[in-house]
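Please look through the report below, which goes over the sheets, a helix pair and some backbone details of a single model.

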Amino acid sequence: MCANSTRSLRATKNASEVFFFFYCMQHVLFPGEIVVNEVNFVRKCINNENGHDDLWGKLICTNFKVSFIPQEDPPKQNAHLSHLLLAEHDVALTCLDQVVTVNDAKGKKKVLGSNQKLKFNPTELILYCKDLRIIRFCFDEAGPESAKKVCLAIAHYAHPADLHLLFGFEYQGRRYHEPAAEINESMPRMSPQTPVYDCPSDWDREIKRTGATEWRVCSINERYNVSQSLPEYIVVPASLADQDLRQFANCYSDNRIPLWCWNHPNGSALVRMCNVADPIAQKKFEQRIFNAITKSHPTCSEVIKLDLEKSLPNILDIQSAFCKFRQSCVIDPFEESEERWFSFVITEEEDRDLNCAVSSLVQLMLDPHYRSLSGFQSLVQKEWVMAGHRFLDRCNHLKRNDKEECPLFLLFLDCVWQMINQYPAAFEFTETYLTVLSDSMWIPVHGTFLFNSCLQRTQHLTEFAKTKAIPPGEDQSVYFPPVWEWSQQFSAKEQTLFNNPMYVGKSVARVQNGEVKTFKRTKKAYSASVKGSPASVVNGLRDGEGTLSRRVSFMSELKPEFSSVKDVVESPSERFFRDWFSRPFDQQGLLLPLLLPSHIAVWKLFFLRWVPEACIPKGGTVTAYHKLCQLVDEIEMLQCQLKHYKGPSPCITPEPSPCKPHSVQRRMYFNACSADESPSLPDFLTSSFPFTPVGNLCRRSTLGTPITKFLNGAKIWLSTETLNDTV
């Protein structure tokens, strides 16, 4: 900030106070939201070099978020995702990881927690966010006591002492005190309703969809009488009686009966379970359960048991790896023979962490239903939410135990993104959707990512409805909508960013002889469009400047024993992989991720979206996304015209029949250009679209940091020592 600007600001304080009054009146609060503290004349640091781009305004702390309201609206250089609950300069309190105050004059720095004292007047406030943002405010012109109070308020409300103090309870308690059924009917939806698996009918539909005829819905856990971490309704082998299940439950941690996840078309099942501590009980009961699973298979195939604890890292290792990677990104120290799948069981000590991720990824690779938007949402709901993943502890919403915190769900989303990156036409949703889904973990107005179990959710909502939210005499029910009700966060236009224009699904429309038909594939039919695919998308895979080659060459890259020219005895699994990698790719078939280092990439949109140095104007994958959206929109417009095309004979010029404006039906964010429009890219497009890095803190130069080595083309799997030789 230059000296003239500072003097000008001081000379116009009276006028600014009047201005602050008016824009504070425009600061809309949500039901149940209250202003806790605020301070005027705060500078939000945008550019660390000269300060010319910094913003002056008001910093407000509510019981929901930290808001910064600029004194003047900055020029719009980037389009960004408009959120219905959070403005561009807002951050939810549950998204805050650390609240740090600094006094430059005294050289002091303090990490604030709840109910802590601050012995110095802060000159800076740094907010470290769980979505990797780092936001910095300076109190050059603000009153020192006011600055101290707002910092303490932010730290206090970012560390709630009780789950009921999270804003979602106050917000939803006031907003949804009518029956949940009425809310479900009135809420607008962009996509088909996602099953939440809180009733037997949802499970019945999934059993019928997967053809699991030898499995049934069991209700022995109604009112959580058997296990407090399982849902009320679970799927079990039809040959097991309820009485046997109650007896078996006692030998499992928290009485968690083995859970059915999914059935392959050949009858094989995927089951998840926790470990059995008692060896005697394990031998007695586990074998009976395995026998029941074997009976459910058409050919009574053997059960394969996989212990994840022996083959995968624990949650502390995952958290440690994530912290190290985050430090690099934020730039701050801080057929029957071919498709023979046995029934198998995956085990884990408590069946609530890595089992969620592994079972979800297995189903994603095997079942194309879960690659659709609604199917993926049902997968998360079934394998994470209803299975009792500890979102409250793993997300550390109450900031009570850092050792329990672990980004397991983010790890799962990153794995999903790697598959989208390798198979871009196989998924209906985009990386923007995955990023938004991750961000939704830190917005406490949904019930999806807020609780450790279904029982905990029910107990807290019932207690809150009786004691705080619902006045006496009114319906005593609080409705916490799932995150899948995206209309709570985004408009219909914004939700179109979730749609992948490259998606090739079972019901994708195509035009043949002037008629719109449905695209279908048989079990053995594979894509015949491979030869005509563009160089960037060959065999259903993204080429990416030579990092991925044609599938035939994969055999020589993966393992020597996969090569057909080598005279070796192959195992069934090796033969399967060799055959699979050498055949044409089926978008609706099995997806196997490529695991060589050259195939694994950094999820740039998530990890680098707040880093200005990594932002490429008019560059990145958004350039292809922009053009693909326009092409898809143009095709759909032509299909709409063909569908309503009228004419008695080909010799007579037909007239199109009236139909609804196509703009109402459009499902792509970018629409087709008219004939007189320029084909150039919009000025606001950057590699971080639809997010913007404005407001990210860079306290030091990026030169020499790990992220600059990556941005300069260094391979991410190389060690730090090797990186020094590549830049």
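The following sections take the model element by element.

## Basis of the description

This is a predicted model, in which local features need pLDDT of at least 70 and side-chain atom pairs count only at pLDDT 80 or more, while totals for chains, interfaces and linings use all residues. Residues are numbered from 1 along each chain as its sequence is written, and side-chain values use heavy atoms, with hydrogens and water left out.

Helices (H or I, at least four residues) and strands (E, at least two) are DSSP runs, numbered from the N terminus. Two strands are said to pair if DSSP finds at least two bridges between them.

Eight strands form an open sheet with antiparallel pairing, in the order 4-3-2-1-8-7-5-6. Its edge strands are strand 4 (90-92) and strand 6 (108-112), each of which pairs on one side only. Direction ignored, neighbouring strands of this sheet are turned by 25° against each other on average; axes here are lines fitted to C-alpha atoms, for helices over the stretch in contact, and angles run from 0 to 180 degrees between N-to-C directions. At one end of the order, strand 3 (residues 65-70) runs antiparallel to strand 4 and is joined to it by three bridges, with Val91 of strand 4 as the bridge partner of Val66.

Helix 3 packs on the sheet, where it touches strand 1, strand 2 (55-62), strand 3, strand 5 (96-103), strand 6 and strand 7, and its direction makes about 125° with that of strand 1. Contact means heavy atoms within 4.5 Å. Ala153 is found in helix 3 (residues 144-157) and is buried, with a relative accessible area of 8%; buried means under 20% relative accessible area, exposed over 50%, and partly exposed in between (1.4 Å probe, protein chains only). Not counting residues up to four places away in sequence, Ala153 touches Val36, Asn37 and Cys61. The C-alpha atoms of Ala153 and Cys61 are separated by 6.9 Å, although the two residues are 92 residues apart along the chain.

Strand 1 (residues 35-44) runs antiparallel to strand 8 and is joined to it by two bridges, and Cys138 is the bridge partner of Arg43. Strand 7 (residues 124-129) also pairs with strand 8 in the antiparallel sense, over five bridges, and here Glu124 stands opposite Cys138.

Strand 11 pairs with strand 12 (residues 269-274) in the antiparallel sense over four bridges, and Val271 of strand 12 is the bridge partner of Trp260.

## Helix 11 against helix 14

The axes of helix 11 (residues 354-366) and helix 14 (residues 408-422) come within 9 Å and cross at roughly 20°. That makes helix 11 roughly parallel to helix 14, given that angles under 35 degrees count as roughly parallel, over 145 as roughly antiparallel, 65 to 115 as roughly perpendicular and the rest as oblique.

Helix 11 contributes Leu354, Ala357, Ser360, Leu361, Leu364 and Met365 to the contact, and helix 14 contributes Leu408, Phe412, Cys415, Val416 and Met419. These residues divide into 10 nonpolar, one polar and no charged, where Ala, Val, Leu, Ile, Met, Phe, Trp, Tyr, Cys and Pro count as nonpolar, Asp, Glu, Lys and Arg as charged, and the others, Gly among them, as polar.

## Backbone details

Most residues other than glycine have a negative phi, and most peptide bonds are trans. Phe41, which is found in strand 1, has a positive phi of about 55° although it is not a glycine, and at 9% relative accessibility Phe41 counts as buried. Asn255, in the loop between helix 7 (242-249) and strand 11, also has a positive phi of about 55°, but at 22% relative accessibility Asn255 counts as partly exposed. Leu132 takes a positive phi near 80° in the hairpin of strand 7 and strand 8, which has four residues between the strands.

The peptide bond from Phe689 to Pro690 is cis, with omega near 5°, and Pro690 has its place in the loop between helix 22 (662-665) and helix 23 (706-711).
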